[in-house]
Amino acid sequence: MIYVRREYLRSFFRSRISINQILYANPCHNYYPYSKIFSNCTPSALDFPFCLHQIDNRWNPKQLSTLRTQTELNSYKYSQLSFYYSYSSGAFRSFKKRVRKRLKAIAKPCLNEAQFHQAISGLLPRFSAGELCEVLNLQVDPVVCLAIFNWASQQPRFRHDVLTYHITIKKLGAAKFYEEMDLVVEQLLSEPNIGSEALYNTIIYFLTEARKLTRAAIIFKHMRICSTLDCRPSIRTYNILFAAFLSRRSNSYINHMYMATIRSLFMQMVNDGIEPDIFSLNSMIEGYVLSLHVNDALRIFHQMDVVYNCLPNSRSYDYLIHGLCAQGRTDNARKLCNEMKGQGFVPSSKSYNSLVNALALGEEVDEAVRYLWEMTEKQRSADFITYQTVLGHMSKQGRKQDVMSLLKELREKDHLDGYTYQKLLLVLK
């Protein structure tokens with residue numbers, strides 16, 4: 001007993017009748033090799049016996065021709081199926097990435113030759129770096145700007161300076177031409193005595209925008225070993241890196257992994273004699289809260305005035321209130337909220353929503369309703385989950401009349417629109 005040989009399988013699908021039927025059903029010929037079939041019809045064992053059964057090698061040609069005829073009939077049956085490539089499954093993420101990369105490469109504009117020649121015609125034969133900067137500044141097209149930069153690099157007795165590199169990198173980064181920008185950065189790093197803190201900060205910013213954090217770390221290390229003090233990292237350099245590491249706010253696992261890097265960066269900044277500002281300290285508080293280290297965030301908060309001589313602002317309080325409410329520490333969050341209001345700050349909508357939800361989940365419904373009315377007076381909007389949580393726990397306590405009266409009062413004062421009001425009624429029923 002053997003399986004059907006490759007020659008027989010090819011002969012089964014070589015029939016002109018079945019191919020013509022398929023082409024007639026799909027004149028655009030849009031068939032994909034890994035298509036998913038969205039149909040209620042599925043091939044059965046009776047339709048395709050050659051796929052499920054073994055064939056004896058003593059079968060005569062008549063039996064094989066009968067099997068071939070049956071296959072051709074079944075091919076017409078399934079020629080009407082619609083084939084569609086599914087891009088939503090995780091198995092095709094790499095394929096989607098390649099497609100996006102190819103489309104992005106195709107979408108990049110080509111060099112405008114007329115504009116390029118017009119720009120370089122205005123330069124003198126022995127032009128300086130300052131004159132080239134003026135020409136580069138006037139260019140709106142980053143492709144033309146890069147072409148002028150490369151053309152100037154090939155001219156004899158000319159050398160780029162900090163400004164020409166800065167303008168070119170800024171235009172390429174703003175246009176998201178990160179690969180071309182990386183080539184210019186490589187050329188910059190090969191120059192021993194060219195660089196500035198503002199230039200390196202711009203490079204690090206655009207590299208973090210492109211999520212090339214490893215490349216940004218290499219530029220940061222290059223800044224630290226520079227011999228000139230003008231190229232050393234400043235508080236702005238560290239703040240750019242803090243913002244980059246905190247950009248994935250929705251994933252606590254990523255925040256937990258990056259928090260060790262943020263902590264080491266902060267300690268390195270302090271050891272280098274750079275005083276942290278309010279943005280750096282708030283980044284530390286936010287990072288600790290997002291990585292579920294609320295006690296460490298409270299430690300930084302209490303050290304702001306004493307150790308770092310920097311008073312907290314409203315964002316400092318908002319991060320901590322949200323983090324405390326997420327852990328169910330409503331008493332601490334309430335005290336911090338009262339302290340925040342005593343300092344003249346108004347809690348954000350996120351802080352109020354977190355506090356109201358935490359109080360309602362802690363069976364302090366009346367206190368949650370009080371903060372709910374307070375946030376409406378302070379013109380802070382409550383979301384649907386907050387209303388649902390408060391009204392739902394009030395309904396669990398058997399206070400049906402209070403639920404309907406509160407819902408009606410919120411509707412009369414235009415805190416609820418018609419759609420949210422009807423949706424809450426359906427949920428509470």
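Which residues does Ile203 touch, not counting residues up to four places away in sequence? The contacts of Ile203, where contact means heavy atoms within 4.5 Å, are with Ile169, Val185, Leu188 and Ile219. The model is predicted, so local features need pLDDT of at least 70 and side-chain atom pairs count only at pLDDT 80 or more, while totals for chains, interfaces and linings use all residues. Residues are numbered from 1 along each chain as its sequence is written, and side-chain values use heavy atoms, with hydrogens and water left out.

Buried here means under 20% relative accessible area, exposed means over 50%, and partly exposed lies in between (1.4 Å probe, protein chains only). The largest such core has 89 residues, and Ile203 and Ile285 have the most contacts inside it. Helix α20 (residues 365–377) supplies the largest share of this core, 7 residues; helices (H or I, at least four residues) and strands (E, at least two) are DSSP runs, numbered from the N terminus. A second, separate core has 17 residues, including Phe116, Phe127, Ala129 and Ile167.

Because Asp182 lies in helix α10 (residues 178–189) and Arg215 in helix α12 (residues 213–224), the pair ties together parts that are 33 residues apart in sequence. Arg215 counts as buried, at 15% relative accessibility.

Arg334 takes part in two of the pairings described here. With Asp331 it forms a salt bridge of 3.6 Å, N to O; the two residues are 3 apart in helix α18 (residues 330–342), and are therefore separated by about one helical turn. Arg334 counts as buried because its relative accessibility is 17%. Arg334 also forms a salt bridge with Glu364, the closest N and O atoms being 2.8 Å apart. Glu364 lies in the loop between α19 (349–361) and α20, so this pair ties together parts that are 30 residues apart in sequence. At 28% relative accessibility, Glu364 counts as partly exposed.

Key: Core = buried A, V, L, I, M, F, W, Y, C linked by side-chain atoms within 4.5 Å. Salt bridge = Lys/Arg side-chain N within 4 Å of Asp/Glu carboxyl O.
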